[in-house]
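Dear colleague,

My findings follow directly after it.

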Amino acid sequence: MDKLAFFRQLLAALEGQQPAIAALVVKVEAGLPGVAPGNRFLWTPDGHYGGLGAANLEAAVAERAREVLAGRRPRLDTIELDEGSITLFLEPVLPEPEVIVLGCGHVGQQVAAVAKLAGYRVTVIDDRPDFANKALFPTADRIICNNFTAALQDIKITPATFIVIVTRGHRYDYDCLRAVIDSPAAYIGMIGSRRRVQGIKERLLAEGVSEAALERVHAPIGLDIGAETPAEIAVSILAEIIRVYRRGA
């Protein structure tokens, strides 16, 4: 893949909110014709990859791609093939991180404001026009007034997506969690009492959702800082999101 084609494909991935892995051959100790230092390769979840000079090498990078994306840090990897070893520089290229706020009540309003202040793209969703509007969310990048489930079906969720479920009731919490539980979101958090959260999890387990999927859910949501007001709760939620995003302790 020549440089121009490589960067065009990378730009297309970013414009489409697709995460990607950019791979560069650094060192070759193998008898693979066509594989040479400087060869470039781009992987996305849609399978747009090629350019390293050997199909088995590209397949090996594809196998490691999701692990590199999850780590969000570039790294040098040496891949051992039958023909020898190849060292590559693997760099995750992630879309701009986005916080999706499900529920436009007092907590949702504060989460949207704090998330925008922290530099995230912000999407808010609620089915009530009196809440999902520009007056209450002046800095949000996207305001969607629609049924939660229908709205989520039209949204692209990526490993750079952080989902905050702060709806007005148990039924809506369930609908939202059911819609996103199998998504590749980096973070799914849900507000509510332990009893309320446990009830939703038990219902999803009964419907066939795996324990592993439910273990991803941050509930109770946010870091335990003794937050009480909507603004304090929003700070605790964003602190937890930042910790996940930055791979904090």
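A nonpolar core, as the term is used here, is a set of buried Ala, Val, Leu, Ile, Met, Phe, Trp, Tyr and Cys residues joined through side-chain atoms within 4.5 Å. Buried means under 20% relative accessible area and exposed means over 50%, with partly exposed in between (1.4 Å probe, protein chains only).

The model is predicted: local features need pLDDT of at least 70, side-chain atom pairs count only at pLDDT 80 or more, and totals for chains, interfaces and linings use all residues. Residues are numbered from 1 along each chain as its sequence is written, and side-chain values use heavy atoms, with hydrogens and water left out.

The cores

The largest nonpolar core holds 27 residues, and those that touch the most other members are Leu102, Ile125, Ile163, Ile165, Leu177 and Ile188. At least two residues of this core come from each of strand E5 (98-102), helix H4 (148-153), strand E8 (161-165), helix H5 (170-180), strand E9 (187-190), helix H6 (194-206) and helix H7 (211-215). The most is given by H5, with five residues. A second, separate core has 25 residues, among them Val124, Ile237, Leu238 and Ile241. In soluble globular proteins, nonpolar side chains tend to be buried together.

Contact means heavy atoms within 4.5 Å. Residues up to four places away in sequence aside, Ile188 touches Ile163, Ile165, Leu177, Val180, Ile181, Ser183, Arg216, Val217 and His218.

The chain as a whole

The chain has eight helices and 10 strands. These are DSSP runs numbered from the N terminus (helices: H or I, at least four residues; strands: E, at least two). Along the principal axes, the C-alpha atoms fill a box of roughly 65 × 40 × 35 Å. Of the 249 residues in the chain, 46% are buried. Among contacts between residues at least 6 apart in sequence, 56% join residues at least 24 apart.

The accessible surface of the chain comes to about 12100 Å², and carbon and sulfur atoms account for 51% of that area. Accessible areas come from the Shrake-Rupley method with a 1.4 Å probe; for residues, only the protein chains shown count as cover.

The UniProt record, an unreviewed entry, carries the annotation "domain: XdhC Rossmann" for residues 99-241. Positions from UniProt are given in the numbering used here, feature names are shortened, and annotations may be inferred rather than shown by experiment. In the model, this span is 41% helix and 17% strand, and its end C-alpha atoms lie 9 Å apart.

Individual positions

Which residues does Ala20 contact, once neighbours within four places in sequence are left aside? They are Ala13, Leu42, Trp43, Thr44, Leu69, Glu91, Pro92 and Val93. Ala20 lies in strand E1 and is buried, with a relative accessible area of 0%.

Leu32 is placed in the loop between strand E1 (20-30) and strand E2 (40-43). Is Leu32 buried or exposed? Leu32 is buried, because its relative accessible area is 11%. Beyond neighbours within four places in sequence, Leu32 is in contact with Ala54, Asn56, Leu81, Glu83 and Ile86. Gly84, 52 residues apart from Leu32 in sequence, is 8.1 Å apart from Leu32 in space, C-alpha to C-alpha.

Ala60 belongs to helix H2 (residues 55-71) and is buried, with a relative accessible area of 12%. The C-alpha atoms of Ala60 and Leu81 are separated by 8.9 Å, and the residues are 21 apart along the chain.

Glu15 is in helix H1 (residues 3-15) and is exposed, with a relative accessible area of 62%. Glu15 and Pro95 are 80 residues apart along the chain, with their C-alpha atoms separated by 8.2 Å.

Lastly, the peptide bond from Ala219 to Pro220 is cis, with omega near 5°. In general, most peptide bonds are trans. Pro220 lies in the loop between strand E10 (217-218) and helix H8 (230-245).

With kind regards
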